[in-house]
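Me: I have a model open and would like to go through it with you, one question at a time. Shall we look at it together?

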Amino acid sequence: MAQIKTFGERIADILVDDGLITRQQLDELLETQKKEGTRILKLILDKSLVTETDMIVAMGRVLNTPPVNLSRLSIPSEIGQLIPKEMATNHKVVPVCKLDNRLFLAMADPLNVLALDDIKRHTRMDVVPMIASGKSITEKINALETTRGSMEDIIKDARKQADMSDADNVEVSPETTEEVNLDQLAASSEQGPVVKLANLILVQAIKDRASDIHIEPFEKEVRLRYRIDGVLMDMPPPPKNLHVALTSRLKIMSNLDIAERRIPQDGRIRVRVSGKDIDLRVSFLPTVHGEKCVMRILDKSNLSASLDKLGLDDDTFRRFKAAIDAPHGLILVTGPTGSGKTTTLYSALNELNSPDYNIVTVEDPVEFQVQGVNQVPVRKDIGLTFANALRSILRQDPDIIMIGEIRDTETAEIAVESALTGHQVLSTMHCNDAPGAVARLDDMGIAPFLISSSVILSCAQRLMRRTCPICREPVTYPPRIYQDLNIDPNFFKGTTLFRGRGCERCKNTGYSGRLAIIEAMTMSDEIRKLILEHAPSDVIGKVAVKQGMKTLRQVALDKARQGLTTLEQVLVVTAGA
């Protein structure tokens with residue numbers, strides 16, 4: 001009599017038939033299952049033999065239940081509200097759509113009869129089960145809890161508990177600044193609605209992958225904006241009467257003085273969201289109508305573990321890698337504020353981080369704390385500047401030094417001298433392109449022979465918005481955009497260009513995330529000769545291009561040709577490059 005196979009074994013057989021796992025792998029897993037008692041499907045996923053999507057498709061075939069990719073679906077709020085969040089979370093289900101009296105339901109376990117009965121009883125509809133991964137269901141349930149609805153609920157709660165006349169008495173203005181009762185202010189910052197509002201603002205920003213949060217007071221309203229993929233986006237604002245209490249709450253979380261509202265203050269907040277530790281750099285600035293608060297979100301998961309994960313093209317990667325592997329020399333990464341320079345340097349440090357090296361950084365402020373790296377924060381108020389810190393660091397027997405930014409001649413001189421005395425030095429500067437870093441050092445008064453001897457790599461970096469992979473679609477551009485970019489349309493011959501249509505995941509922007517573009521100029525003998533002759537940066541740049549350097553524009557066009565971004569982004573980001 002043939003042995004009846006379990007549900008898991010039937011799915012495993014399909015995976016074998018589809019060529020996703022081998023029969024030998026399955027036999028080994030079955031042996032492990034007998035020894036450990038672990039389910040066969042869990043063993044397959046734990047060993048990453050197949051993706052979760054492949055597993056869902058195989059389960060759907062065994063159960064004769066259609067699989068659904070929730071990440072590609074936009075579920076209307078009225079459909080999502082058919083099932084309470086608690087019920088959806090407990091049963092791992094999410095409603096997908098409704099047709100007449102039938103409710104199509106994505107389920108992690110379509111065999112869960114109790115879930116089907118509960119939902120049928122609650123909705124009074126016929127349920128048509130579909131299968132989806134538990135992770136995608138949880139993400140979709142959380143996505144259905146929109147920012148607007150949550151924010152409005154908290155604001156309504158706050159309006160019920162807050163006395164509007166009392167709130168007006170603590171309005172920030174020159175006449176009443178010193179009359180505010182600090183005890184009442186501290187107490188109001190601990191009220192439930194204010195605490196919830198502060199937490200929601202932080203959590204939602206992290207979920208939306210924002211890099212900055214702006215809370216801006218005006219005469220009759222407060223504006224809340226998130227910077228997502230480099231663009232500021234308006235969010236549902238908190239009420240004006242809660243602004244002072246909200247600001248005080250954020251100050252308490254940042255360990256700052258809630259009594260001081262006349263001068264700028266800076267602090268830090270550390271929160272834990274979805275199992276990840278997130279640092280926030282907080283800045284308060286007094287304005288006419290109250291204190292403006294800007295929070296920079298520092299997510300360590302954005303750091304690349306190594307250079308090969310930065311998305312560099314082959315030539316740039318080879319140049320960067322050669323400079324990082326050099327025993328000494330100065331590596332400069334240039335670009336405007338917010339172009340990802342520091343993140344690139346941290347990724348390089350992660351590659352270099354080893355017990356064999358003594359690595360010391362001096363930063364203003366320390367943005368990411370890295371295990372195994374000695375990090376020194378600049379404190380101008382007590383005289384700890386970049387230059388003073390660097391002098392002490394050189395007495396600490398360093399192998400590798402990272403300087404947050406070269407801002408003045410004194411810091412530049414020490415950086416160059418350190419590179420010439422056997423240290424590897426990494427730093428950032430503010431200028432437009434890679435050759436411009438040489439001119440910048442020259443302007444600071446560094447002798448040309450020192451520049452040519454110390455600098456081994458100069459980079460320029462920008463961040464471009466990445467086309468949303470969910471809603472991207474082919475696009476044909478008019479001839480004018482090729483004229484604006486000054487490129488031959490034949491450059492894209494044989495390739496397909498894409499643009500995002502706009503979907504729920506990208507908030508109808510067509511973009512999701514950002515990618516770095518880097519031009520890297522290595523020091524050749526010809527370039528060193530030009531530096532000694534005080535040659536202009538544009539002359540140095542032309543020679544570097546002849547020697548194989550890809551400019552920011554060329555790297556950006558390559559990203560567009562690969563379908564990673566749009567020509568509009570190329571035009572915007574590299575307009576001055």
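This is a predicted model: local features need pLDDT of at least 70, side-chain atom pairs count only at pLDDT 80 or more; totals for chains, interfaces and linings use all residues.

Me: Is Thr467 buried or exposed?
Reply: The relative accessibility of Thr467 is 4%. Buried means under 20%, so Thr467 counts as buried.

Me: Which residues is Thr467 in contact with, leaving aside its neighbours within four places in sequence?
Reply: Several stretches of the chain turn up in the answer. Arg472 is one of the partners, and Gly510, Tyr511 and Ser512 are also among them.

Me: Now to Pro217: where is it found, and is it buried or exposed?
Reply: Pro217 is found in strand E4, residues 210–217. Its relative accessible area is 5%. Since the cut-off for buried is under 20%, Pro217 is buried.

Me: What separates the C-alpha atoms of Pro217 and Lys240?
Reply: Lys240 is among the residues in contact with Pro217, as are Val222, His243 and Thr287. Along the chain, Pro217 and Lys240 are 23 residues apart. Their C-alpha atoms are separated by 7.7 Å.

Me: Which residues have the most contacts inside the largest nonpolar core?
Reply: That core has 59 residues. Another core lies apart from it, with 32 residues, among them Ile215, Leu224, Val273 and Met295. Inside the largest one, the residues with the most contacts are Met521 and Leu567.

Me: Which residues is Met521 in contact with, beyond its neighbours within four places in sequence?
Reply: The partners of Met521 include Arg319 and Ser458. Also among them are Ala434, Pro435, Val438, Ile456 and Leu457.

Me: Which element gives the largest share of the lining of the second largest pocket?
Reply: About 450 Å³ of space lies in this pocket. Its lining has 20 residues, and Arg39, Leu41, Lys42, Leu45 and Met59 lie nearest its centre. Helices H1 (7–17), H3 (40–46) and H4 (52–63) each give two or more residues to the lining. The largest share, five residues, comes from H3.

Me: What is phi of Lys92, and where does the residue sit?
Reply: Most residues other than glycine have a negative phi. Lys92 is partly exposed, with a relative accessible area of 35%. Its place is in the loop between helix H6 (85–91) and strand E1 (93–99). Phi of Lys92 is positive, near 55 degrees.

Me: And what is phi of Arg124, and is the residue buried or exposed?
Reply: Arg124 has its place in the loop between helix H7 (113–123) and strand E3 (126–131). Its phi is near 60 degrees, a positive value in a residue other than glycine. Relative accessibility is 71% for Arg124, and exposed means over 50%, so Arg124 counts as exposed.

Me: Stepping back, what part of the 577 residues in the chain is buried?
Reply: The chain has 24 helices and 18 strands. Its accessible surface comes to about 29,000 Å², and 49% of that belongs to carbon and sulfur atoms. Of the 577 residues, the buried part makes up 49%.

Definitions and conventions
Residues are numbered from 1 along each chain as its sequence is written. Side-chain values use heavy atoms; hydrogens and water are left out. Helices (H or I, at least four residues) and strands (E, at least two) are DSSP runs, numbered from the N terminus. Buried means under 20% relative accessible area, exposed over 50%, partly exposed in between (1.4 Å probe, protein chains only). Accessible areas come from the Shrake-Rupley method with a 1.4 Å probe; for residues, only the protein chains shown count as cover. On a 1 Å grid over the protein atoms alone, a cavity is a set of points where a 1.4 Å probe fits but cannot get out, and a pocket is an open set with protein on both sides within 12 Å along at least five of seven lines; lining residues have an atom within 4 Å of a point. Grid points are joined across faces, edges and corners, and a volume is the space filled by probe spheres set on the points. A nonpolar core is a set of buried Ala, Val, Leu, Ile, Met, Phe, Trp, Tyr and Cys residues joined through side-chain atoms within 4.5 Å. Contact means heavy atoms within 4.5 Å.
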